[in-house]
Amino acid sequence: MTTLRQRRVGKGTEAAEDQPSEETNVKPDGKILSDPTGGKLWNILSVTVGGIVAISLGLLTSVYVATLHENDLWFSNIKEVEREISFRTECGLYYSFYKQMIQAASIQQGLHGLVYDNKTESVRTINILERMNVYQEVFLSILYRILPIQQYLEPVYFYIYTLFGLQAVYVIALYVTSWLLSGTWLSGLLAACWYITNRVDTTRVEFTIPLRENWALPFFAVQIAAITYLLRTHLQPVQERLTLMAVFIATFLFSLTWQFNQFMMLIQALALFILDCLDMLPTAKVTWLYIIQISGILLVCVLQFFNSMILGSLLISFNVSVLIARTIQKNLKKGGLLNRLVKLILHVLLVLCLTLLINKFIKKILNLESDEHIFKFLKAKFGFGATRDFDANLYLCEEAFGLLPLNTFSRLSSTLLFYAYGFVLFLLTAAAVIVAFRNLSGSNQVQLKEKMEEYTVTLKPDAAYSLVHTVLFGCLALSTMRMKYLWTSHMCVFASFGLCSTEVWKLTLKCLHLYTSQRTQVIKYSIPIITLLYISFKFWPGIMDELSELREFYDPDTVELMNWIKSNTPNTAVFAGSMQLLAGVKLCTGRTLTNHPHYEDKNLRERTKQIYQIYAKRSPGDVHGILRSFGTDYVILEDSICYERRHSRGCRLRDLLDVANGHIMDGLGENEPDLKPSLYPRFCEEIKKNLPSYTMHFTRVFQNKTFHVYKLAKHK
C-alpha cells in the first residue's frame with residue numbers, strides 16, 4: 001500500500017452589437033466622446049497587458065502543480081522504480097508505452113511493437129494504437145528521440161513537464177474564454193485565480209499525470225474558447241474561416257487524446273441542438289460545428305485503424321440525424337408560438353428516432369459490443385432495474401462514478417465561486433427563458449426594436465452557448481463525480497464572466513430600478529476586484545504553506561515486489577492479478593500481462609472477470625485451469641483486495657464476484673433469495689494454508705506484508 005510520509009530533513013440574435021468595448025469614453029451627461037486614436041491605443045494597451053497576464057498566470061500554474069508534485073513525492077530524489085510505481089493504475093499503463101517507444105531500437109521498431117503487441121494481453125496480439133488513445137505518448141517519445149535533450153533531461157521529466165506545460169494552455173484558454181465573454185481581461189484574471197484556488201476540484205494533474213483527461217481537457221478548453229469567438233457577431237469571413245480551423249484542430253486533438261471524447265462532444269452537440277432549436281444561435285455556424293465534430297472524430301477513427309467503438313458512437317449518429325432532420329423540416333423556424341412548438345416537438349422526436357435507428361444499424365453491421373458496459377452502468381445507475389452484471393457493478397461501487405459529494409459545494413463556496421456562479425446562472429437562465437419565448441413566439445421585430453432599450457432582455461450567442469454548456473456539464477458532474485473537472489473549470493469561466501459582464505449588471509440594476517450607465521461600470525469592475533482581494537488575502541497563506549510542505553514517496557512492499565519480479569522471473573513470464581497492479585508490473589518490469597485497466601473491450605472485460613476468480617469462492621483446480629488458459633505463469637494476490645474493508649458489504653470485489661457467481665456474500669447482512677452457499681472456500685484465503693489440493697497447482701515463491709506471488713504448475 002502506498003503512503004506519503006513527512007520528508008526527513010536532509011443569443012440572442014437580437015443583440016446587434018459586439019462585446020462592450022473598453023475604450024469608449026462617456027461623459028456624465030451620457031454623451032460619447034469620440035477619440036478613435038486614443039481608443040485604439042487604449043485597446044492595444046489593454047490587449048497587451050491582458051495577454052501578458054494570461055501567459056504569466058498559465059506559466060505560474062504549471063510551476064505550481066509541478067512544485068506540488070515534487071514536494072509530495074520528492075520525485076527528483078527517489079529511484080526510477082519508485083517514480084514508475086507512482087504512476088498508478090491506468091496511468092502506469094499509458095506511460096509504459098512511452099517508455100517502450102523510448103527504449104525501442106528505432107522509431108520504426110517501436111511503432112511495430114505497438115501495432116503488433118503481444119505483451120499487454122497474453123496469448124493475444126493486439127493493436128495498441130487501435131485500442132487505446134496513446135498517440136500523445138508516441139508523439140512525445142519521437143520528439144524526445146529527435147531533440148538534442150537526452151543529456152540534459154530524463155525521459156520521465158520530459159513527459160511530466162509536457163503535461164504540466166499543458167496546464168498553462170488550459171489556464172490561458174479559460175482566461176481567454178472569460179475575456180471574450182465579458183469584454184475585459186479582468187474577468188480572465190478572476191477565472192484563472194478561481195481555477196487555482198479551487199485546484200482540488202478543478203484538476204488532479206499533480207497526482208494522476210498520464211491520465212487521458214489531463215491531455216484532453218486543455219484542448220477542450222481551447223475548443224470552447226474558439227467556439228466562443230466564432231459565435232460573436234460581425235466576424236469577417238477570414239476571421240470566421242480561421243476560427244473554424246482552430247475549432248477543428250482543437251476538436252481533433254481533444255478526440256485523439258481521450259477515449260471518452262465522444263460522450264463529451266455528444267453533450268456539446270446537445271447544447272448546440274437546444275440553442276439552434278430555440279433560435280439562439282446562427283444556424284450556419286451550428287451546422288459547421290456539427291460537421292467539425294463529425295470530421296474530427298472520423299479522422300481519429302482513421303488514425304486508430306477504424307476503431308469500431310468510434311464508428312458506433314452516439315455522437316456520429318446524433319449529428320447525422322440532426323443534419324438529415326433539418327433537411328426534411330425546412331420551415332422549422334417559421335410560424336407562431338403554437339405552430340413552432342408543435343414543429344419543435346416533432347423535430348426532437350425525429351432526431352431521437354433517427355439517432356437510435358442509425359446507431360443500432362451501425363452496431364449491427366459492425367457487431368459492436370465494446371461500449372455495452374457503459375450503457376449497462378447507466379441503466380443501473382439511474383434505477384432502470386437492479387443488475388448482477390459484474391462490469392456494471394464494478395463501476396457503480398466506485399466512488400468516482402457516484403454522485404458528486406455535497407462537501408464539493410462547501411469548498412467551492414469558500415472561494416465565493418459557487419455563490420457567484422449561482423447568481424450568474426439564475427440571471428442568465430431567466431434571460432434565456434425570456435429570449436427563447438420571444439424567439440418562438442415570433443414577436444414583431446419592429447415593435448421589438450422600439451422597446452429594446454427599455455424592456456427587452458438580450459442574450460448574446462456566445463453567452464447563450466456558455467449557459468447551456470455549463471448546465472449540461474453540471475448535470476453530468478452531479479451524476480458522476482469523476483466528470484466534475486469538466487464542469488468546475490467552466491464554472492470559473494462562467495462565474496467570472498457574469499461578475500464582469502455589463503449585460504448581467506445592467507439586467508440586475510434594471511430589475512432593482514437602480515440602473516445608470518455609470519453605476520453599471522462601477523459595479524462591473526469593483527465587484528471582481530473586491531473578490532480578487534478576498535481570494536488573495538484568504539488563500540495566499542494557505543498556498544504558501546502547501547508549497548512549503550515536504551513529503552516523500554513510500555511504498556516499500558510494491559518496490560520489493562517489482563524488484564523481485566525483475567530479478568527472479570524470465571522476461572517472457574506471464575503475470576495475472578488485479579488490473580491496477582498489473583499496469584505497474586508492465587511498466588516496471590516489462591513482463592506480459594493477462595489483463596489491464598483499459599476496460600473498453602468486451603473480450604478484456606470477460607477475461608478480467610475470469611482472472612478475478614482468484615478472489616472468489618472457487619476450487620483450486622478451476623482457478624488453475626482459468627489462469628493457465630490465459631498462459632499465466634505467476635499470479636499475484638493482494639491482501640488489500642482479499643480482505644478489503646474500503647467498500648461496504650455488497651461493494652467489495654469479492655462480493656461482486658460472489659453475486660455474479662450466484663453465491664452468498666460473506667458477513668452479516670441480507671442476500672438475495674436465489675443466492676446459494678458455495679461448495680468451496682474463498683481461494684485467496686485458502687491458498688495460504690498450503691493444503692495439498694492447492695500446492696499441487698500453486699507454489700508460493702514470494703511474500704511480503706501486502707503481496708503473495710504463486711507460480712503455477714504447468715501440468716495439464
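Guide: We begin with a bond that has a handedness: the link of cysteine 397 and cysteine 651 is left-handed, with -75° about the S-S bond. This pair links distant parts of the chain, 254 residues apart. Cysteine 397 is found in the loop between α18 (390-396) and α19 (407-414), while cysteine 651 is found in the loop between α30 (639-642) and α31 (653-660). Please bear in mind that the model is predicted. In it, the sulfur atoms of cysteine 397 and cysteine 651 are 2.1 Å apart and form a disulfide. A disulfide is a covalent bond between the sulfur atoms of two cysteines. The surroundings of the two partners may also be described. Cysteine 397 counts as buried because its relative accessibility is 13%, and the cut-off for buried is under 20%. Cysteine 651, with a relative accessible area of 23%, is partly exposed.

The count comes to two disulfides. The other bond joins cysteine 642 to cysteine 684, with a distance of 2.0 Å from S to S. Cysteine 642 lies in helix α30 and cysteine 684 in helix α32 (residues 683-686), so this pair ties together parts that are 42 residues apart in sequence. The link of cysteine 642 and cysteine 684 is right-handed, with 80° about the S-S bond. Both cysteine 642 and cysteine 684 are buried.

The order of the bonds along the chain deserves attention as well. When the bonded cysteines of the protein are numbered in sequence order, the pairing is 1-3, 2-4.

We now turn to cysteines without a bond. Cysteine 492 is in no disulfide, and the nearest cysteine sulfur, which belongs to cysteine 193, is 10 Å away. With 1% relative accessibility, cysteine 492 counts as buried. What of cysteine 511, and why is its sulfur too far for a bond? The closest cysteine sulfur, in cysteine 500, is 19 Å from the sulfur of cysteine 511, whereas a disulfide needs the two sulfur atoms within 2.5 Å. Cysteine 511 is exposed, with a relative accessible area of 52%.

Conventions. Residues numbered from 1 in each chain as written. Predicted model: local features only at pLDDT ≥ 70, side-chain atom pairs only at ≥ 80, totals over all residues. Heavy atoms only, no water. Helix = DSSP H or I, 4+ residues; strand = E, 2+ residues; numbered from the N terminus. Buried < 20%, exposed > 50% of the residue type's maximum accessible area, 1.4 Å probe, protein only.
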